[in-house]
Amino acid sequence: MIYFNCDYMEGAHPNILKRLQETNMDKTVGYGDDPYTESARARIREACDAPDSEVMLLVGGTQTNDVVIASFLQPYQGVIAPTNGHIARHEAGAIEHSGHKVLALPGENYKLSADQIREYCWLYYKDASKDHMVMPGMVYISQPTEYGTIYSLEELTAIRRVCDEYDLALYVDGARLAYALGSSENDVTLKDLARLTDVFYIGGTKCGALFGEAVVVRDPGRVPHMFMIAKQHGAVLAKGRLLGIQFDELFKDDLYLQIGRHAIDMAMKIKNACREKGYVFYNDSPTNQQFVVISNEQEKAMSQWLEIEMDDTYDEDHIVMRLCTSWATREEDVDALIERL
């Protein structure tokens with residue numbers, strides 16, 4: 001079988017495994033107070049040009065979204081998100097379980113626009129019954145989106161302005177951030193994210209780490225007891241150095257950016273080959289996820305040799321197949337896929 005169905009099938013980058021082995025018998029204090037985690041935080045702050053930011057290392061994406069949203073919102077507030085955003089579709093109601101409603105809006109090209117957010121907030125505050133409704137308190141977006149598209153610097157700046165108008169926290173889910181940063185069409189840097197958002201996270205689970213996400217909070221005073229909130233949510237890893245070591249390696253010598261570019265190179269090779277072979281794309285993604293429309297008959301035939309992830313039903317006779325590269329994708333596997341296609 002050939003596997004291109006997701007971007008976290010492999011373990012971790014060899015540099016991480018080597019460092020974990022080298023430090024395996026070291027004795028350190030727990031909960032992220034160790035020197036490896038401090039070094040990782042310093043590297044991340046430097047990469048983001050955000051020396052005063054808080055950096056918190058958590059284990060997984062859903063856990064991170066749960067902790068961040070619960071930390072920033074008041075009990076009566078909800079979070080604006082695209083209808084296909086991860087918190088709205090693929091987290092089993094984790095955000096609602098924590099007591100906050102996901103206020104889902106249909107996006108264009110899988111993204112929210114500043115005008116959409118402004119209109120929603122204007123209508124809320126204009127409504128005479130607003131005190132009986134869930135107040136919007138945060139905007140959640142992903143970079144890249146669930147369908148591989150990316151926000152431009154202009155779009156992100158416009159969303160920031162609306163958030164300032166309506167006192168909304170801006171949160172960017174960066175589960176696949178390395179693959180946005182590695183795209184030739186991207187113009188948003190880590191420094192831009194640190195400057196324009198209130199909080200974002202740098203994905204590790206899908207981007208070279210065994211597990212882990214690095215949360216960057218621009219103003220630590222905004223949530224002074226975030227560690228305690230994370231602890232309440234069961235999100236604090238006792239052996240915190242296991243997270244610290246991984247991010248310390250990912251942010252050494254630009255490794256995080258390098259592995260992102262590799263995934264994009266492999267995805268573009270697949271994209272170009274599919275186009276040459278006459279396949280139709282569901283959308284135009286410049287990142288590591290490519291979405292191809294295939295017939296039900298093609299799906300049945302391909303499933304004999306290709307592990308297929310059906311991302312959506314296109315119509316009665318077609319599905320949308322996701323082909324996903326990662327930091328670990330081997331070019332020989334790409335070549336094998338292209339040959340079989």
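**Sheets and helix packing in a predicted model**

Me: Which residue in β13 is the bridge partner of Asp 315?

Reply: This is a predicted model, in which local features need pLDDT of at least 70 and side-chain atom pairs count only at pLDDT 80 or more, while totals for chains, interfaces and linings use all residues. Residues are numbered from 1 along each chain as its sequence is written, and side-chain values use heavy atoms, with hydrogens and water left out. Strands (E, at least two residues) and helices (H or I, at least four) are DSSP runs numbered from the N terminus; β12 and β13 (residues 318-324) pair in the antiparallel sense over 5 bridges, pairing requiring at least two DSSP bridges. In β13, the residue bridged to Asp 315 is His 318.

Me: Which strands stand at the edges of the open sheet of 4 strands?

Reply: The strand order is β9-β10-β13-β12, with antiparallel pairing. A strand with a single partner has one side left without a neighbour in the sheet, so the edges are β9 (280-281) and β12 (309-315).

Me: Which helix packs on this sheet?

Reply: The helix touches β9, β10 (289-295) and β13, contact meaning heavy atoms within 4.5 Å. Its direction makes about 25° with that of β10, where angles run from 0 to 180 degrees between N-to-C directions and axes are lines fitted to C-alpha atoms, for helices over the stretch in contact. The helix, spanning residues 255-276, is α12.

Me: How many degrees does the twist average in the open sheet of 7 strands?

Reply: This sheet has the order β2-β8-β7-β6-β5-β3-β4, with mixed pairing. Its edge strands, β2 (54-58) and β4 (102-105), each pair on one side only. From one strand to the next, the twist averages 25°.

Me: At about what angle to β2 does α11 run?

Reply: Helix α11 lies across β2, β7 (199-203) and β8 (213-217). Its angle to β2 is about 115°.

Me: What term describes the orientation of α1 and α11?

Reply: Helix α1 (residues 14-22) packs against helix α11 (residues 241-250) at about 135°, with the axes 9 Å apart. Angles under 35 degrees count as roughly parallel, over 145 as roughly antiparallel, 65 to 115 as roughly perpendicular and the rest as oblique. The two helices are therefore oblique.

Me: Which residue forms a salt bridge with Arg 19?

Reply: Asn 15, Ile 16, Arg 19 and Leu 20 of α1 meet residues of α11 including Leu 242, Ile 245 and Asp 248. A salt bridge places a side-chain nitrogen of Lys or Arg within 4 Å of a carboxyl oxygen of Asp or Glu, and the closest N and O atoms of this pair are 3.2 Å apart. The pair links helices α1 and α11, its members lying 229 residues apart. The partner of Arg 19 is Asp 248.

Me: Is the crossing of α2 and α11 left-handed or right-handed?

Reply: The axes of helix α2 (residues 35-48) and α11 come within 7 Å and cross at roughly 40°. That angle makes α2 oblique to α11. A crossing is left-handed if the near helix is turned anticlockwise from the far one by less than a right angle, and right-handed if clockwise. The crossing of α2 and α11 is left-handed.
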